[in-house]
Amino acid sequence: MRQRLPFIFPEILPPEARFFCEKSPPPPVGARTARLFALLALLATLICTLAPAPLLAQSSVRPPGAAASFPDAPEPGPANTLGTRSDAEIWDMIRGGSPRDPGVIFAPTPEGALMTTTGQQWRVLRERYIRKYAGWAPLGVIVLLVLHHLIRGPMRLKEGRSGKTLPRFTLTARVAHWFMAVVFILLAISGLIILLGRPLIAPYLGREINAVLTSAAMQGHNLFGPLFILALLWMFVKFVAGNFFHPHDLKWIFRLGGLFGHHVSSRKFNFGEKTWFWMVMLVGAVIAASGVLMLFPWLTDDLRFLQLATVLHVLGAVLLISVALGHIYVGTIGMEGSLDSMLKGEVDENWAKEHHDIWYEQMTGKPARADEPEGEEAAP
Amino acid sequence: MSFLQFVEGPLFYAAAAVFLLGVAWKVLGLIRLGRRPDLAPPKGSAAWGFIRGNLRHFVPRGIFARRTWLHIVAGYGFHVALAVLVFFGAFHIAFIERLTGLSWPALPRWGFIVAAEIAFAGLIALWVRRISDPVMRQITRGEDHASTILTFLVMLTGCLALQESHASLRAIHMLFVDIWLIYFPFSRLMHAFTFVLSRGHSGATYGRKGINL
């Protein structure tokens with residue numbers, strides 16, 4: 001049966017649709033009486049329906065905060081209705097407090113709370129900040145190193161190589177170092193894929209490739225993680241001697257490690273090397289501990305520790321990767337003669353005189369500089 | 001035919017054939033070389049010397065053990081763990097069973113992981129020792145690095161596929177296995193078989209001369 005539309009602007013309709021807008025012929029008298037009764041009946045029904053509405057409305061709608069309360073206000077509804085609380089208040093009850101309250105964010109599940117929402121804060125921190133900005137730190141270091149290399153160039157030995165060498169690192173110390181280096185690089189690559197795959201790989205190579213790479217990286221990362229702990233312990237045993245800070249290091253700090261041309265006397269390890277060693281040890285320990293917690297999440301019942309572990313793990317790793325880039329630069333192309341110490345275990349005497357003069361004097365008993373009396377600074 | 005089917009099927013059979021024929025050809029060739037005639041009357045048993053020479057070299061000698069403890073620990077760790085991975089990994093046993101119908105008990109997953117950790121630690125330590133020790137660097141050829149890196153890649157790709165979530169990762173692992181099998185007879189990886197002959201040859205020579213190893 002064709003349905004007729006109200007007679008409104010038929011000209012905007014296409015011709016074939018205008019049929020529905022044609023005026024109807026006037027109804028007979030009997031029909032008009034019937035319509036009048038129907039209208040009255042509808043009016044009566046509406047009055048009966050709407051009369052108790054204000055009472056019902058007061059039981060399900062929360063009055064505004066500043067609204068006055070009347071002594072004759074109706075009682076709240078039964079316990080299984082919303083009562084006078086809004087949705088937000090009910091969710092705050094379930095959470096044990098407002099999500100904007102730091103006490104709720106960092107507290108364990110509050111008393112009486114049915115759920116914890118710390119995961120929301122963690123997700124925001126990870127997605128909006130860490131994942132977004134973490135990659136910039138290593139990239140920034142690379143840019144700085146390239147600029148340094150282009151502008152100032154590598155540090156050459158002022159007097160060239162002497163041809164005489166001094167033993168610097170034992171074979172086991174070198175193996176420990178390279179063992180750590182290999183494991184660290186594997187972990188760094190796999191970790192960066194896990195962290196930055198979604199924003200950096202998926203948009204360009206596709207989600208499927210990112211999924212494959214992330215799955216592989218996760219397995220590799222979990223596999224090499226325990227080897228990092230082994231490497232860390234081995235490095236500590238082999239290198240801790242000589243890496244304790246000494247008042248002499250203050251000179252290195254004040255002269256910024258000779259960055260602006262002033263010579264800085266140094267023992268076997270200078271302040272920068274010592275700082276790097278302790279950074280690897282301490283930050284590495286945090287990374288290792290947080291990694292263990294992520295590998296074995298059943299070690300704790302508190303979800304906050306796992307969330308904290310992921311944050312510390314990423315921040316520590318990004319820090320170590322960034323500084324390691326500088327370490328790699330100085331140890332290879334950035335400083336002439338440095339690599340020999342880790343490849344051959346020996347360094348050129350001129351390298352030792354120039355960069356670790358006190359150590360040179362301790363090793364040889366000879367003054368590092370011609371204007372110094374013999375053995376002046378050779379005391380340990 | 002998918003890439004996975006190819007590397008697990010025709011390419012694997014071809015690689016296995018190259019491996020078996022190549023190893024047999026090399027080992028038989030070495031045996032056929034024989035030994036120089038020794039006209040002196042024997043003072044001991046060459047056969048016993050062959051066996052003894054093989055067994056004796058499994059145990060490092062005192063002063064050398066102290067100086068080369070890293071080589072010994074890493075060497076044993078890597079080789080034993082690799083053998084455990086290859087022959088007792090559940091995936092490997094399942095693969096062998098599919099090909100031959102033979103099967104035996106597999107390591108639990110945690111055992112596989114521990115063996116993989118030891119094998120990786122050993123291989124990395126052996127390789128970095130090779131580049132850190134001046135003497136080792138002198139006797140190392142590019143072929144040694146190639147063998148090490150290829151073995152590392154076979155192990156690495158195998159472990160990257162542990163989750164079994166993507167067929168492509170398994171296919172990459174199998175591709176490296178095939179390359180490794182083909183490369184094996186023509187490289188120093190042959191030491192897995194020839195060590196018996198070299199140790200035995202020295203042992204037999206000394207045994208015949210009555211030298212107490």
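Among contacts in chain A between residues at least 6 apart in sequence, 55% join residues at least 24 apart; two residues are in contact if their C-beta atoms, placed from the backbone, lie within 7 Å. Keep in mind that this is a predicted model, where local features need pLDDT of at least 70, side-chain atom pairs count only at pLDDT 80 or more, and totals for chains, interfaces and linings use all residues. Residues are numbered from 1 along each chain as its sequence is written, while chains are lettered from A and ligands numbered from 1 in the order in which they are written.

**Chain A overall**
- You'll find 14 helices and 2 strands in chain A; helices (H or I, at least four residues) and strands (E, at least two) are DSSP runs, numbered from the N terminus.
- Of the 380 residues in chain A, 21% are buried, and buried means that 20 or more other C-beta atoms lie within 10 Å of the residue's own (12 or fewer is exposed, in between is partly exposed, with C-beta atoms placed from the backbone).

**Two helices side by side in chain A**
- Helix α5 (residues 118-133) of chain A packs against helix α11 (residues 303-331) of chain A at an angle of about 10°, and their axes are 10 Å apart.
- Here, axes are lines fitted to C-alpha atoms, for helices over the stretch in contact, and angles run from 0 to 180 degrees between N-to-C directions.
- On the α5(A) side, the residues making the contact include A:Trp122 and A:Leu125, and on the α11(A) side they include A:Val311 and A:Val314.
- The residues of this contact of α5(A) with α11(A) split into 6 nonpolar, 3 polar and 1 charged; Ala, Val, Leu, Ile, Met, Phe, Trp, Tyr, Cys and Pro count as nonpolar, Asp, Glu, Lys and Arg as charged, and the others, Gly among them, as polar.

**Where chain A meets chain B**
- Chain A puts 19 residues into the contact and chain B puts in 22 residues.
- On the side of chain A that touches chain B, α7 (171-205) and α8 (207-239) of chain A are the elements that give two or more residues.
- The most comes from α8(A), with 9 residues.
- That side of chain A divides into 13 nonpolar, 4 polar and 2 charged residues.

**Spots to look at in chain B**
- In helix α3 (residues 46-56) of chain B, the buried residues are B:Gly49, B:Phe50, B:Arg52 and B:Gly53, and their cover includes α11 (191-208) of chain B.
- B:Glu164 sits in the loop between α9 (142-160) and α10 (167-183) of chain B, and B:Glu164 is exposed, with 11 other C-beta atoms within 10 Å.
- B:Glu164 isn't a glycine, yet has a positive phi of about 55°.
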